[in-house]
Amino acid sequence: MASFPLYWIPLLPFLGAAFNLLFGRKFPRRAVHLVSCGVVFGALLVSMVAVFRELYPRWVEAGHGGTLEPIVNRVYSWISVGDIDIGLNFLLDPLSAVMILVITGIGFLIHLYSTGYMSHDTDYARFFGYLNLFTGAMLVLVLGDSLPVMFVGWEGVGLCSYLLIGFWYDKSGTERYGDANATAGKKAFIVNRIGDLAFIIGMFLLFTHAGTLNFTELADKADALMTKFSPLGLGFYVTVAGAAGLMLFIGATGKSAQIPLYVWLPDAMAGPTPVSALIHAATMVTAGVYMVVRLNFLYVLTPAVMATIAIVGAATALIAALIGFAQNDIKKVLAYSTVSQLGYMFLAAGVGAFSAALFHVFTHAFFKACLFLGSGAVIHALAGEQDMRRMGGLAKKLPIVRWTMLLSTLAIAGIVPFAGFFSKDEILWSVAIAQNGTLAPWLLKSLYVTGLAAALGTAFYMFRLYFMTFSGECRADAETLAKFHPPTSRMTIPLIVLAAGAVTTGFLGLPHVVAKHNIFHEWLSPVLAQGQRVLAQVGSRIEPAAAGADPLAQANHHLEWGLMGLSLLIALIGIAIATRFYKGGVRQTVRDLVAKMPAVHRLVYDKFRVDELYGWIVIKPFRVLCWIFAKVADGIIDGLVIVAGQLTLFVGRSLRGIADGSLQRYVAVMAVGLVLVFLAVSQPPDDFEIDPGETVEVGQVVRFEAEQSTRELRYRWDFDGDGKWDSPPQQPADKRTGEEDPRNFARDRAAVFRYAKAGKYAVRLEVRDVRWKSRATEERKVVVNEKKGIKSSRRQAAGPSVADRRFDNSRTDGARR
Amino acid sequence: MTLVAILAMPLVGALIVALLPRDDGKQARNMGVVWSIATFLVSLSVLFNFDVNDSAMQFELSVPWITAFGINFHVGLDGISLWLVLLTTFLMPVVILSSYRSVSHKVKEFIVALFILQVGMLGAFVALDLFLFYVFWEVMLVPMYLIIGIWGHGRKAYAALKFVLYTMVGSLPMLVGIIYMYLTHGAATGNYTFDYTVLTQSVWNQSAQLWLFAAFALAFAIKVPMVPLHTWLPDAHTQAPTPGSVILAGVLLKLGTYGFIRFAIPLFPWAAASYAPYLSGLAVVGIIYGAMVAYVQDDAKKLVAYSSVSHLGFVMLGMLAMNVTGLTGSIYQMLNHGLSTGGLFLAIGALYDRRHTHLLDQFGGVWKRMPVFGALFMLCLLSSAGLPGLNGFVGEFMILVGTFTHQRDYVAGRVPSVWIYHSRAMAGAAATGVVLGAVYLLHLFQKLMFGPIINAKNATLRDASAREIWAFIPLVVFMFWMGLYPKPFLERIEPSVKTMIVQHQQKFAASLRHVDGPPKRVRELVGLSTSASQRLAMGGGR
């Protein structure tokens with residue numbers, strides 16, 4: 001079946017990237033941004049065709065609850081060796097459909113915005129090349145049909161993030177030294193790689209136990225996923241789903257900036273603002289959430305990991321919101337806000353509300369992109385100023401920016417009917433009715449309370465940002481104001497479109513007490529059906545019972561209305577506090593409050609000093625260890641080698657006296673040496689052993705065995721000392737030449753003999769060296785006694801040896817396995 | 001005859017260059033480039049005539065050489081050596097291109113040395129006679145000694161001597177081992193020969209295997225180099241001229257890992273399996289240690305040299321898993337390392353040509369001045385860091401999967417059961433190399449290329465010249481090709497690897513029955529119980 005060529009969706013941006021990075025510098029800016037925006041727009045068109053013309057009919061056909069045949073586009077076999085067969089295949093199902101539309105749609109708007117924002121930059125082509133590269137990699141991430149292909153995109157977006165954070169690599173952010181931007185990029189890459197380490201281990205675990213890394217195939221391996229094993233033989237047992245799920249989630253905490261790996265995201269704000277909007281708000285950072293939703297069939301099997309995800313998500317949401325209270329850099333506030341919102345998404349995924357998690361990804365992409373682009377417009381207008389303390393009063397100067405940002409701020413704060421209200425409320429509702437056997441009820445309740453508290457915080461710090469930026473008097477200095485320039489239409493149009501999204505997208509996911517159909521949820525249902533199918537198969541084996549929603553609470557409409565009202569009330573309280581403290585600029589009440597508890601303020605302002613903590617417990621010890629290895633250990637190893645060399649030299653020097661040029665001595669030594677060598681090689685070893693010993697009985701089997709040698713030797717024996725060779729049978733010498741028959745000697749170095757009469761015998765062995773034609777003989781005495789009884793010390797000469805038994809052992813081992 | 005032609009090409013090249021009139025070296029260089037490209041083209045004939053479905057030796061040729069000692073000029077090629085031969089001929093033009101600015105005196109002699117080195121490397125990759133292999137192995141030493149000693153910089157005499165002595169000390173036990181094998185095998189079978197294909201049909205008893213493997217492994221481990229036998233490498237790399245470093249990292253080190261795969265492991269399977277847990281532990285130590293030491297170097301070339309220690313740890317780890325995935329990955333990674341580290345040395349050489357220093361703190365902000373060079377450098381770096389989409393990832397992925405899925409069950413009974421989890425732990429620990437690789441490589445790039453220009457000398461640097469770009473382009477093309485579409489490479493490596501592993505398992509089973517006494521033929525030992533050995537092969541495969 002010729003399937004839809006999905007590969008064009010990532011390929012178009014890649015082609016744009018190749019053009020801009022290879023030749024962009026030689027072309028005018030117009031060509032650069034036409035190509036760059038053009039390819040993303042092209043990808044958007046292809047995506048729309050794929051989703052609406054190809055996927056949608058299938059979705060309709062499948063109907064509600066039916067199985068949907070996703071579109072799979074096999075491009076070629078990528079890594080195929082041994083048991084591995086990874087195809088470069090793309091998969092379009094309702095989940096990846098949402099993602100590609102967000103990436104290409106919002107991506108296109110941000111590309112468009114960038115043509116205005118970056119218009120003064122000298123490295124125009126490089127910027128757009130990276131941006132296209134990112135878009136392509138992100139599309140690979142969401143379209144990949146297996147974990148390794150996803151990982152290609154996963155690392156690819158990490159690389160672009162690195163390159164774009166350090167885009168202004170020769171500048172430093174405010175108040176820092178020379179290459180701070182580059183350092184921020186490096187930090188992002190390395191922290192992400194720490195997560196990736198866990199990610200690949202998760203992949204290996206899945207591959208080892210399930211034999212595949214393809215999403216569709218994995219979803220059919222419920223049994224394999226429920227297999228228990230003991231990690232590294234440590235004695236406790238976990239399921240494959242649990243171990244792999246936890247590892248992959250650690251990977252997600254890197255990419256999606258969750259505790260404990262969130263520290264890179266605030267620093268990532270060193271990049272140009274459109275980058276922050278595209279990568280660090282709308283798309284890349286949501287990759288972890290996407291991955292968890294994609295693997296919903298794996299996570300539903302492991303309530304403990306789900307609980308972990310929920311706790312991490314809730315904690316991140318709250319802590320990031322708290323840090324956001326005290327930041328003055330407009331982009332830093334938005335960065336912590338992103339971390340906090342990502343925490344919400346994981347909280348949702350952790351209580352099994354995958355659809356709600358992805359819905360928040362979707363709505364968040366609009367309002368957060370709008371907020372970032374708006375803040376970018378402010379920064380652009382104020383010639384690079386990012387400190388909100390030197391803003392204010394911009395409402396009149398930047399009306400479009402002000403209104404679009406206000407709408408988005410209302411959306412993120414969770415005010416009805418803006419998008420954020422619906423997505424956040426759905427998350428809070430899901431948390432409120434969640435069940436999870438591994439979590440105590442009070443913990444589940446406190447997750448809900450944490451979510452509410454974070455919502456309060458969100459409303460507060462977002463309106464703090466809004467008021468400090470737009471209300472009151474302008475606090476910028478005259479110099480900055482002189483350079484003030486309003487945004488062009490290329491920058492405002494994306495803002496307006498995104499703001500429109502922030503207002504309207506919520507209606508796609510109306511709560512079921514309001515509307516009969518939750519469009520977003522129904523659209524995703526074929527993907528989430530994977531999880532339900534797996535649960536139906538092996539759900540009974542999960543201990544404690546699988547996590548999910550409490551059906552009783554779910555049906556309680558009063559409760560749902562009540563909680564909806566509560567979350568709206570909480571948001572309004574947050575706004576009210578912000579209005580009280582920050583309307584018209586930082587008010588005296590705030591200053592008093594800060595003055596009352598300077599330590600607390602300082603701690604929050606310093607982001608709870610987590611960076612410093614990591615510096616002390618990770619980075620510094622690592623550097624010291626490196627230093628010890630390099631300077632001490634390597635020095636010792638090399639020193640030993642040098643000492644060995646010196647020792648040789650010393651021995652050589654001491655022996656130098658021997659080589660004094662005296663020819664006679666050389667000849668004499670040589671002659672002696674030659675003779676010794678000749679004797680050594682010519683005289684074959686002729687020692688032999690007698691088994692059972694030198695005293696034997698009549699009729700007993702006596703075994704004679706000559707010494708083992710690496711030389712090619714032949715043997716003959718005289719056992720009874722009569723001067724005739726007994727073994728092997730002797731042949732007469734050749735009559736004509738008088739040469740001895742070679743059959744007179746045996747190859748086998750062992751021989752067996754039974755003595756018929758008691759007495760003393762001389763046993764003689766003659767050894768002949770085939771190469772050197774030399775011979776040697778050896779004689780030993782044997783005493784033969786009369787037979788005493790039936791006692792037999794006979795040992796088998798070549799019975800089953802230790803080796804054979806060992807072999808059999810391993811064979812049975814194998815069979816058992 | 002094809003292989004003889006490939007071996008003869010650089011030899012003839014050396015002669016031609018030697019006969020060129022003495023001048024400023026221009027002719028010698030141009031001739032060198034042309035001839036090395038010609039050699040590469042000739043070597044492509046093995047690729048086009050290579051039978052993908054044949055896992056045995058191809059293009060085999062055996063001519064009696066020293067009949068009195070049963071020494072044959074026996075050469076042949078299979079999927080394991082095919083790409084290494086091609087890597088050698090492929091890198092040579094790149095290497096000579098990189099010598100245009102870094103080697104300015106005795107150019108003619110330099111090119112001759114390079115060609116002789118090439119003969120030695122190619123010969124060692126195709127030799128199927130242990131004596132012949134040893135001859136080629138030692139032949140390589142001389143030109144490399146000269147390249148470091150004459151055209152190097154800094155403490156070049158020290159580095160060259162250290163390189164030669166280290167390698168020689170390692171290879172002497174191997175020679176003793178080879179001769180021991182020759183004598184014992186001859187004594188046991190009456191067939192005195194150094195022929196690899198004959199010797200490999202016998203197994204030595206277990207204790208002999210332990211000693212023989214140790215003797216071979218010492219020689220190869222020094223060449224790889226495995227920690228703690230690595231200390232010659234940073235010195236050799238730092239003092240060698242750019243072309244020397246490229247060839248050293250690109251090809252020479254692979255002879256160590258190739259030696260393990262071709263000789264040490266197949267000839268002594270029982271010993272290999274017994275040492276494997278310890279050797280793979282050492283490989284992992286190498287990965288982590290090499291990376292950590294690389295991170296704190298203040299000399300860019302030393303940093304890349306230590307990164308080689310780390311990368312070759314991966315190669316060792318993959319082969320010790322002794323399954324198709326791991327071993328194929330290991331061979332693939334040898335090629336990857338040749339490209340990526342070769343590229344990194346080219347980049348650092350290009351900077352050295354301009355600034356005559358390798359010290360990191362002398363640079364900074366160079367990308368502003370050298371954007372094209374920066375992009376090429378970045379690509380080599382990402383390839384080295386194992387970014388998916390480029391070649392390094394494919395190799396690392398196969399190695400780690402191979403190691404992770406490896407079950408040491410066929411040594412059960414001998415090693416404590418904790419080793420069953422050993423390979424998983426090893427794979428997990430080795431995977432930290434992925435993080436550490438990013439740490440030191442990005443550190444390197446940031447120090448050299450990012451930040452503002454602090455040192456005024458960097459403000460006037462020229463971007464890469466056409467010649468420099470052309471030295472990089474073949475590398476970059478293959479980095480993408482091998483990363484995006486590895487199939488043509490893998491499908492040629494895999495059949496030989498599969499056969500090798502089946503034979504290895506058989507020989508291992510034979511060795512289990514062979515505790516004492518002279519070497520015996522595998523067929524005699526395994527005999528009728530091949531089904532058992534096949535079952536073992538299955539169990540040990542994954």
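The report below goes from whole chains to the contact between them, then to helix pairs and single residues.

## The two chains

Please keep in mind that this is a predicted model. Chain A contains 29 helices and 13 strands, while chain B has 23 helices and 4 strands. The table sets out some overall values for each chain.

| Chain | Residues | Radius of gyration | Extent along principal axes | Buried residues |
| Chain A | 817 residues | 40 Å | about 125 × 75 × 60 Å | 51% |
| Chain B | 542 residues | 23 Å | roughly 75 × 55 × 40 Å | 65% |

How does the radius of gyration of chain B stand against that of a compact globule? For 542 residues a compact globule would come out near 24 Å, so the 23 Å of chain B agrees. For chain A, a compact globule of 817 residues would have a radius of gyration near 28 Å, but the chain has 40 Å.

Contacts can also be sorted by how far apart the partners are in sequence. In chain B, 80% of the contacts between residues at least 6 apart join residues at least 24 apart. In chain A, residues 24 or more positions apart account for 77% of the contacts with a separation of 6 or more.

## Where the chains touch

Next comes the contact between the chains. Chain A brings 58 residues to it and chain B brings 68 residues. On the side of chain A that touches chain B, β1 (71–81), α5 (147–165), α6 (180–210), α27 (610–655) and α29 (802–816) each supply at least two residues. Which of the elements of chain A gives the most to this side? That is α6(A), with 13 residues. By class, the residues on this side of chain A are 28 nonpolar, 14 polar and 16 charged.

## Two helix pairs

Now for a look inside each chain, beginning with chain A. Helix α3 (residues 94–117) of chain A packs with helix α11 (residues 273–282) of chain A at an angle of about 165°, and their axes are 9 Å apart. That angle makes α3(A) roughly antiparallel to α11(A). The crossing in which α3(A) passes α11(A) is right-handed. From α3(A), the residues that meet α11(A) include A:Val102, A:Ile106 and A:Tyr113; among their counterparts in α11(A) are A:Pro274, A:Ala277 and A:Leu278. This contact of α3(A) with α11(A) has 9 nonpolar, 3 polar and no charged residues.

Helix α8 (residues 156–189) of chain B and helix α10 (residues 206–223) of chain B pack at about 150°, with axes 8 Å apart. The two helices α8(B) and α10(B) are therefore roughly antiparallel to each other. Is the crossing of α8(B) and α10(B) left-handed or right-handed? It is left-handed. The residues of α8(B) in this contact include B:Tyr166, B:Gly170, B:Met174 and B:Tyr180, and those of α10(B) include B:Leu212, B:Phe216, B:Ala219 and B:Lys223. The contact of α8(B) with α10(B) divides into 12 nonpolar residues, 4 polar and 1 charged.

Start with B:Val284, which sits in helix α13 (residues 269–295) of chain B. Why does B:Val284 count as buried? Because B:Val284 has 25 C-beta neighbours inside 10 Å, and a residue is buried if 20 or more lie within that distance. Leaving aside neighbours within four places in sequence, B:Val284 is in contact with B:Gly313, B:Leu317, B:Met426, B:Ala429 and B:Ala430.

Two loops of chain A hold cis peptide bonds. One joins A:Ile259 and A:Pro260, with omega about 10°, and A:Pro260 lies in the loop between α9 (240–255) and α10 (264–267) of chain A. The other runs from A:Asp691 to A:Pro692, with omega near 10°; A:Pro692 is in the loop between β7 (688–691) and β8 (695–697) of chain A.

Finally, look at phi in two further loops. A:Ala383, between α16 (354–381) and α17 (399–413) of chain A, has phi near 55°, a positive value in a residue other than glycine. With 15 C-beta neighbours inside 10 Å, A:Ala383 counts as partly exposed. B:His356, in the loop between α15 (324–355) and α16 (366–369) of chain B, has a positive phi near 55°. B:His356 counts as exposed, with 10 C-beta neighbours inside 10 Å.

Notes:
Residues numbered from 1 in each chain as written. Chains lettered and ligands numbered in written order. Predicted model: local features only at pLDDT ≥ 70, side-chain atom pairs only at ≥ 80, totals over all residues. Axes fitted to C-alpha atoms, helices over the stretch in contact; angles between N-to-C directions. Parallel < 35°, antiparallel > 145°, perpendicular 65-115°, else oblique. Left-handed = near helix turned anticlockwise from the far one by under 90°. Contact = placed C-beta atoms within 7 Å. Nonpolar A, V, L, I, M, F, W, Y, C, P; charged D, E, K, R; others polar. Rg over C-alpha atoms; globule rule 2.2 N^0.38 Å. Buried ≥ 20, exposed ≤ 12 C-beta atoms within 10 Å, placed from the backbone.
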